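Opening the notebook on this one.

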Amino acid sequence: VPPVEPGVVKLRFMSIAGQHMLLIVENGYGQALSYRARMTRGGQTRPTDVCIVLPINRSYEHWPHTIDRIELSAFALVPWNEGEAPTCE
């Protein structure tokens with residue numbers, strides 16, 4: 001796996017065998033990255049829990065079903081101290 005690129009946020013959203021969905025968020029900054037997500041499935045849109053992405057790291061969000069659409073918003077860099085557990089909302 002290539003290292004996380006400094007100073008860049010990268011997003012990848014993909015289907016796994018047409019049955020699951022995976023969102024990969026790469027945070028190339030020295031602070032944690034928070035964001036919000038809403039997913040649309042079967043014509044219904046609702047918020048979904050996501051976890052902050054630790055500095056210079058990746059986060060993997062997995063859903064055990066297909067998703068028609070995902071909306072990501074409210075990206076923000078937030079303070080984080082070494083050793084703290086990631087928070088999920």
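Predicted model: local features only at pLDDT ≥ 70, side-chain atom pairs only at ≥ 80, totals over all residues.

I started with Leu 33 and listed its contacts (heavy atoms within 4.5 Å), leaving aside neighbours within four places in sequence. Leu 33 touches Val 9, Val 25, Asn 27, Ile 52, Val 53, Phe 75, Ala 76 and Leu 77.

Residues are numbered from 1 along each chain as its sequence is written, and side-chain values use heavy atoms, with hydrogens and water left out.

Next, the core. Leu 33 belongs to the largest nonpolar core, which has twelve residues, among them Met 21, Tyr 35, Met 39, Trp 63 and Ile 67. I took a nonpolar core as a set of buried Ala, Val, Leu, Ile, Met, Phe, Trp, Tyr and Cys residues joined through side-chain atoms within 4.5 Å. Buried is under 20% relative accessible area, exposed is over 50%, and partly exposed is in between (1.4 Å probe, protein chains only). Which elements give two or more residues to this core? They are strand 2 (20–27) and strand 3 (32–41), and strand 3 gives the most, with four. Strands here are DSSP runs (E, at least two residues), numbered from the N terminus.

I then checked Ile 67, in the loop between strand 5 and strand 6. Ile 67 counts as buried because its relative accessible area is 7%. Met 21 is 46 residues away from Ile 67 in sequence, yet their C-alpha atoms are 6.7 Å apart. Beyond four places in sequence, Ile 67 is in contact with Phe 13, Met 21, Met 39 and Thr 40.

How many disulfides does a search of the whole structure find? I got one, using sulfur atoms within 2.5 Å as the cut-off. Cys 51 and Cys 88 form the disulfide, with sulfurs 1.8 Å apart. Cys 51 sits in the loop between strand 4 (44–48) and strand 5 (57–63), and Cys 88 in the segment after strand 6, so the pair links distant parts of the chain, 37 residues apart. The link is right-handed, with 95 degrees about the S-S bond. Cys 51, at 22% relative accessible area, is partly exposed, and Cys 88, at 46%, is partly exposed too.

Val 9 lies in strand 1 and is partly exposed because its relative accessibility is 33%.
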